[in-house]
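This tour moves through a predicted model, one selection at a time. Keep the viewer open and follow the stops in order.

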Amino acid sequence: MTADTITAADIRINARWLIPIEPCGVVLEHQAVIIQGCRIAAVLPTAQADREFHTRETINLPNHVVMPGLINMHGHAAMSLFRGMADDLPLMTWLNDHIWPAEGRFVSEQFIADGTQLAMAEMLRTGTTTFSDMYFFPEIVAQMAHDTGMRAQICFPLLDFPTVWGAGPDDYLSKGEALINAWKGDTYIMPAIGPHAPYTVSDEPLSRAVALSEKTGARIQLHLHETEFEVTEAEEKHGQRPIKRLAKLGVLGVKTQCVHMTQVSDSDIALLADSGTHVIHCPESNLKLASGLCPVHNLMERGINLAIGTDGAASNNDLDLFGEARTAAMIAKVVANDAAALSAHQALQMATLNGAKALGREHELGSLVAGKLADIIAIDLSDPFIQPVYDPASHLVYSNHGRAVTHSWINGVPQVQDGKLTRIDVPDLMLRVEEWAEKIREQQAV
Ligand SMILES: [Zn+2]
């Protein structure tokens, strides 16, 4: 091979193991990932990379597994400031008596900025490169994610009643449309419509959300069938299950993501499958709030796309998507009464490629394939808690926790290097977090 066949590129990552996610179930050894600009130029054996590429920078990861960045498909980032504030309570008590009053008292533009940065720091350190958010002041969250260089689906809130961010449905929808227009075509920021839940949004605003989605292409994400109470109350009130009402209003479809779905009948599954609606599974939030269990295997059998999310840190209480993948795999086995249900590789796919599908970006995110965007993470498997290694995929799901992540790149830009964040000033962030904690503690003491 002559010198003129050598291609110049920016970064070369040499990895002991590599899990490309596509094809599913594969672990490769001694691989190199070549990054050129914001994209993956090649994934190939290291010996072949020596012959074919000359890169500006080489990173050797001899004890690591390299894989696509994780996609956390549901959360309320700024709620990280409420982490551990109110635990061991059922959903409606938790919301009505603790979370909503605290939000009314503390949520401001500065609260959102500081809480979102805390969440991003945690997510980046634990391997997430793309997250979905649904919270107040989405324009601030969008700007912060963009400035940090994280990809984010930003769902603006839509509710029947006024909140700190808006006066009611008209206000939410007009501000939301402005958000969608402001970020049109951006590679990092994906604005979306976030009707809170069927029990907080009536028919007319839901229909307008569908119209806005059709007009702009924005996705819709909403909490759905989170608890048995939600479903039985709706049956008494409307004479039908919430998902049926949504189907009639045209809310279901390939651009819609339903979060939770712990209450699932055969007819619910048919509605999801026939419409191509995505389901976002948040197992730890469902466990902690005793909401119920999503029957993942039943949904997978019908070809429904399932991604995973952590939900907010107030109901989890962490944003470690590796931990969430482990919980998802464990629960799936118990619910299906089958230890083979949701394998480690399937759980990893849910945390990556399936999230990309829900976002409509599977052609450029969610797997390590040449031509896709360079959203890549590396996990060090040399620590005692993750030794010895027989199958890296097993370790990532069953033995790992996200803190073993040592490196991450988003759009080819380094975000975590040797376990340190490159674009967030952590000591400064911790000072601001402590200031919030002081205020919240004072209020709790009253
Ligand atoms: Zn939620």
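Begin with the largest nonpolar core, which has 112 residues. Select Met 67, Phe 82, Phe 111, Ile 112 and Ile 379, the residues with the most contacts inside this core. Then colour helix H3, residues 109–125, which gives the most to the core, with nine residues.

Next, centre on Ile 379. Beyond its neighbours within four places in sequence, Ile 379 touches Asn 63, His 64, Val 65 and Met 67, as well as Phe 322, Leu 396, Asn 400, Ala 404 and Val 405. Another core, of 15 residues, lies apart from the largest one; Ile 13, Leu 18, Val 66 and Ala 378 are among its members.

Show helix H12 (residues 321–336) and helix H15 (residues 392–399), whose axes are 7 Å apart at an angle of about 90°. H12 and H15 are therefore roughly perpendicular to each other. From H12, select Phe 322, Ala 325, Arg 326, Ala 329, Met 330 and Lys 333; from H15, Leu 396, Val 397, Tyr 398 and Ser 399 complete the contact. Seven of these residues are nonpolar, one is polar and two are charged.

Finish at helix H5 (residues 169–182) and helix H6 (residues 203–216), where the axes come within 11 Å and cross at roughly 15°. That angle makes H5 roughly parallel to H6, and the crossing is right-handed. On the H5 side, pick Pro 169, Asp 170, Leu 173, Glu 177 and Ile 180; they meet Pro 205, Arg 208, Ala 209, Leu 212, Lys 215 and Thr 216 of H6. This contact has six nonpolar, one polar and four charged residues.

Terms used. Residues numbered from 1 in each chain as written. Predicted model: local features only at pLDDT ≥ 70, side-chain atom pairs only at ≥ 80, totals over all residues. Heavy atoms only, no water. Axes fitted to C-alpha atoms, helices over the stretch in contact; angles between N-to-C directions. Helix = DSSP H or I, 4+ residues; strand = E, 2+ residues; numbered from the N terminus. Parallel < 35°, antiparallel > 145°, perpendicular 65-115°, else oblique. Left-handed = near helix turned anticlockwise from the far one by under 90°. Contact = heavy atoms within 4.5 Å. Nonpolar A, V, L, I, M, F, W, Y, C, P; charged D, E, K, R; others polar. Core = buried A, V, L, I, M, F, W, Y, C linked by side-chain atoms within 4.5 Å. Buried < 20%, exposed > 50% of the residue type's maximum accessible area, 1.4 Å probe, protein only.
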